[in-house]
Amino acid sequence: MAESTGGAKEAKFLQEINVQARSPIHFGVICLILCLVPLVVSNEYYLHVLISIFYHIIYASTYRFILRTGQFHFGAHAFIGIGAYSSALLVTKLGLSFWLAMPIAGLISATCAILVGYPTLRLKGIYFAIITWGLGDTLRFLYIRFESLFGGALGIFSIPEPDSFPFFSNIDFSQKSHFYVLSVLLMMFTLYILYRMEKSRLGLIFGAVREGDKLARSLGINIMNYKVLAFAVCSGLAAMAGSFYAHYTYYISPKDFSILLTIYLAIYTIVGGKENFYGCIIGTSILMLAGEIFAGYAHYQLLMYSGLLILIILFLPNGLVSIYDIIGRLFSSSAKSTALKDA
Amino acid sequence: MAHLVLDNVSKNFGGLAAVSDLNMEINDREIVGLIGPNGAGKTTTFNLITGELKPSSGEISFESKKLNGMRPHRVAKAGISRTYQLTTLFPGYTVMENVLVGFHLETKFSFVEALLNLRSNRRKERRLFDRAMEVLDFMGLSKLVDEQAENLPHGLQRKLGVAISLACGPRLLLLDEPLTGMNPTEAADMINTIRQINERYGTAILIVEHNLKAVMALCRRIVVINFGMKIAQGSPEEIQNDEQVIEAYIGRQIDAS
């Protein structure tokens, strides 16, 4: 490497830049591998589990990103609900194509996030949590109240599956595997955007807003705009996953978008590890798989999750991903001591 | 040429006049000290200049641009940067990241550019890295690039705070008690650094500090305020012999007769 400013060892920052340069290839390869899974796994139930893990990963990672800007978000269900309902209504009432309805649902949700964000993102901590929670539950009551539009407490039935893709008429969504590929693409798209936002200069600024908003402001950062940007982009992406959910399950009701959804997302995120980008991906995958395995004990699910959450907070404050770091440290320290012996 | 001008600036919190009718000027390339007993309104003055508080009356201008009512990030853009008494850095970030955030105003990048991560974008980041390295070299922190900011000893944390605001490329730097909690060696080092910043970058500096010896050594001109009012202004010698200043700091001698 030509850089010598950092002394003998290259600074972390420059190593990071080199990793960044290769990241599109990594994402592409992972995406391809995931897309090929249905060739091996033909069991519809397994595919279903994977699909639901994938859209929950989208929910959880967008949720985490908002947490990372220092806002205690507690209304993820509101924006997912906006996405699901608007997409379902656009398709059933206006007869739009799913491929149009999904991005429009994302835009609607992002617009709502901007409108809500400007006045409320000034609030911090528990106050912001109360506002967003309130927003989510207000929307839920709206869905129940306005029966003619939102279908009331029963929700919206028989939402059509995505129509076959414009140019590839052999892709229809009567088969699970097609939904599966769509969910993989959607997830990788979302994760790539979030990854880029976190690892680029934007991420540096989002973090600075979290670590010290006053100082950030005195350095010329318009903190409000950045908070709203993160809030809107994440809400929009989550809403697109919500739209996918609506068309995947053919049916949505207000109870799908209750506070319980956000609570689950918070559990996935914290159990996996909030600090690490891969934390909530791992947390979501493990907990949802566990949920499927112990599906017979569904009544105790939240109880078990809560117990796990407490254990994680007590013993692994950086979540399950920190196990990897701990093992890595064990090895590196033993490597160091052998190196010392050799010297 | 007058750089920063405070013209009859007042700030009232309810009935309390934190700053009243303050007139002050800072010229190009000048180091000015702002001193006064606790609660005299020094930090309030800083907050008024940087836009964190709005003055109740009066006018503040910088390079003949009006600052009143400007929001803090705008003031930073106008060329004024500051350090804080307590939060001077981003604790969870490495030293390098801290300084990189300081370069925010110079980085022109768009959302799309960040998403695509083009080669030009990476080249820009590298250039910023080198610039940050320069600043850190100048501040004597270049060996600690990958260290987490919160793990640094207090003296170095303070230095890093100054480095961050220096990265902003200010033409006026406001230092809020840069020497608090420092031992004599660290303080001497800091005083030296402040002087070097002034000489090398030509930055005008306004400094609030309780360590009067340091202020006397650094500044050719000192402004003393008490209860929000300016009570004296002048060279260190003049200040030291000013009766009102002595009264404000140690009190009046009770006449025996």
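**Exercise 1.** How many residues lie between strand 9 and strand 10 of chain B in their hairpin, and which residue in the turn has a positive phi?

*Solution.* The model is a predicted one. Begin with the pairing: strand 9 (residues 221–226) and strand 10 (residues 229–234) of chain B run antiparallel, joined over five bridges. Within this pair, B:I225 faces B:K230 of strand 10. The two strands form a hairpin with two residues between them. The turn residue with a positive phi, about 50 degrees, is B:F227.

**Exercise 2.** Determine which parts of chain B are tied together by the salt bridge of B:R82 with B:E52, and whether each partner is buried or exposed.

*Solution.* Take the contact: the closest N and O atoms of B:R82 and B:E52 are 3.6 Å apart, and the pair forms a salt bridge. Next, place the residues: B:R82 is in strand 6 and B:E52 in the loop between helix 1 (42–49) and strand 4 (57–62) of chain B, so the bridge ties together parts 30 residues apart in sequence. Then apply the cut-off for buried, under 20% relative accessible area. B:R82, at 2%, is buried, and B:E52, at 19%, is buried too.

**Exercise 3.** Locate B:K159 and B:D189 and classify their accessibility.

*Solution.* Their side chains form a salt bridge, with an N to O distance of 2.9 Å. B:K159 belongs to helix 6 and B:D189 to helix 7 (residues 184–201) of chain B, so the pair ties together parts 30 residues apart in sequence. B:K159 counts as buried at 10% relative accessibility, whereas B:D189 counts as partly exposed at 36%.

How values were computed
Residues are numbered from 1 along each chain as its sequence is written. Chains are lettered from A and ligands numbered from 1 in the order in which they are written. This is a predicted model: local features need pLDDT of at least 70, side-chain atom pairs count only at pLDDT 80 or more; totals for chains, interfaces and linings use all residues. Side-chain values use heavy atoms; hydrogens and water are left out. Two strands pair if DSSP finds at least two bridges between them. Helices (H or I, at least four residues) and strands (E, at least two) are DSSP runs, numbered from the N terminus. A salt bridge is a side-chain nitrogen of Lys or Arg within 4 Å of a carboxyl oxygen of Asp or Glu. Buried means under 20% relative accessible area, exposed over 50%, partly exposed in between (1.4 Å probe, protein chains only).
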